[in-house]
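Student: Can we go through this model together? I'd like the sheet, the core and the charged pairs.

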Amino acid sequence: MTSRTTPGRILYSSEQIAARVRELADAIHQSTEHVATKADPVILLGLMNGALVFLSDLLRAMPATAHMEVHCQNLSSYKGTSSTGTIRGLESLPDIFAGRHVIIVDDILDTGFTLHNMRDRLLNVGARQVDVCVLLDKKVPRTYDIAPQWVGFEIPNLFVIGYGLDLDGAFRSLPDIRVIEEN
Ligand code: IMP
Ligand code: MG
């Protein structure tokens, strides 16, 4: 019989994540509420599929009155536990970002390649402000320049799964964040 034990050790439990996501939602709301209006809402741009779970929790932790709009962009750059150095999905941005304040929401910041390129692309199509919110920030020497405004947790150089984070498509549905490779 094959083992069905959940792999890895827990780094952050679902309760710890939920508490931190509420704090992030409050912080984002506080810093955007004076500028966002019904006619000019802030755009939360989730990078799929990694940010799927985080984005949906973050969104639901915002006050109902917050002027926010949600968009998702499908990107991929990882194969196994290392980055491929190319991003698929940047070419096909919809034509809605010109003049807008965008907050990119992603699961994890590693080399910075994904977020650096996404930010550049948004500025190139005329976004007036691009901020970044990540749940996890890996403390590794950053290859690409990017400084997120909001970070859930800073973590060492580990490969993690769960809460939307995957290993070749598996384990996204785990409610907590687990470490499967200690680098
Ligand atoms: P970067 O482009 O090197 O910064 O990598 C960022 C992307 O790689 C994230 O959006 C994730 O989708 C993925 N990634 C990086 N580290 C991990 C990890 O530890 N587990 C799962 N996915 C990861
Ligand atoms: Mg990703």
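Tutor: Start with one term: contact means heavy atoms within 4.5 Å. This is a predicted model, where local features need pLDDT of at least 70, side-chain atom pairs count only at pLDDT 80 or more, and totals for chains, interfaces and linings use all residues. Residues are numbered from 1 along each chain as its sequence is written, chains are lettered from A and ligands numbered from 1 in the order in which they are written, and side-chain values use heavy atoms, with hydrogens and water left out.

Student: OK. What is Asp107 in contact with, beyond its neighbours within four places in sequence?

Tutor: Gly50, Ala51, Val134, Leu135, Leu136 and Leu165. Asp107 itself sits in strand β6. Helices (H or I, at least four residues) and strands (E, at least two) are DSSP runs, numbered from the N terminus.

Student: Which side chain of opposite charge is nearest to Asp107?

Tutor: Arg172, at 5.5 Å. Asp107 is buried but has no salt bridge. Buried means under 20% relative accessible area, exposed over 50%, partly exposed in between (1.4 Å probe, protein chains only). A salt bridge needs a side-chain nitrogen of Lys or Arg within 4 Å of a carboxyl oxygen of Asp or Glu. For charge, Lys and Arg count as positive, Asp and Glu as negative; His and the chain ends are not counted.

Student: How many salt bridges does the structure hold?

Tutor: 11. Take Asp40: its closest N and O atoms with Arg100 are 3.6 Å apart. That pair links distant parts of the chain, 60 residues apart. Arg100 is buried, with a relative accessible area of 15%. Asp40 is partly exposed, at 23%.

Student: Which other Arg does Asp40 bridge to?

Tutor: Arg128, at 3.1 Å between the closest N and O atoms. Asp40 is in the loop between α1 and β2 and Arg128 in the loop between α3 and β7, so this pair ties together parts 88 residues apart in sequence.

Student: And Asp137?

Tutor: Asp137 bridges to Arg142, with the closest N and O atoms 3.1 Å apart. Asp137 is buried at 4% relative accessibility, while Arg142 is partly exposed at 27%. Separately, shared partners join Asp40, Glu69, Arg100 and Arg128 into one network.

Student: Switching to the sheet. What is the strand order?

Tutor: β3-β2-β6-β7-β8, an open sheet of five strands with parallel pairing. Two strands pair if DSSP finds at least two bridges between them. The edge strands, β3 (68–74) and β8, each pair on one side only.

Student: Which helix packs on it, touching β8 among others?

Tutor: α1, which also touches β2, β3, β6 and β7. The direction of α1 makes about 145 degrees with that of β8. Axes are lines fitted to C-alpha atoms, for helices over the stretch in contact, and angles run from 0 to 180 degrees between N-to-C directions.

Student: Now the core. Which residues touch the most other members?

Tutor: Phe54, Leu58, Leu136 and Val160, out of 32 in the largest nonpolar core. Such a core is a set of buried Ala, Val, Leu, Ile, Met, Phe, Trp, Tyr and Cys residues joined through side-chain atoms within 4.5 Å. The largest share, five residues, comes from α1.
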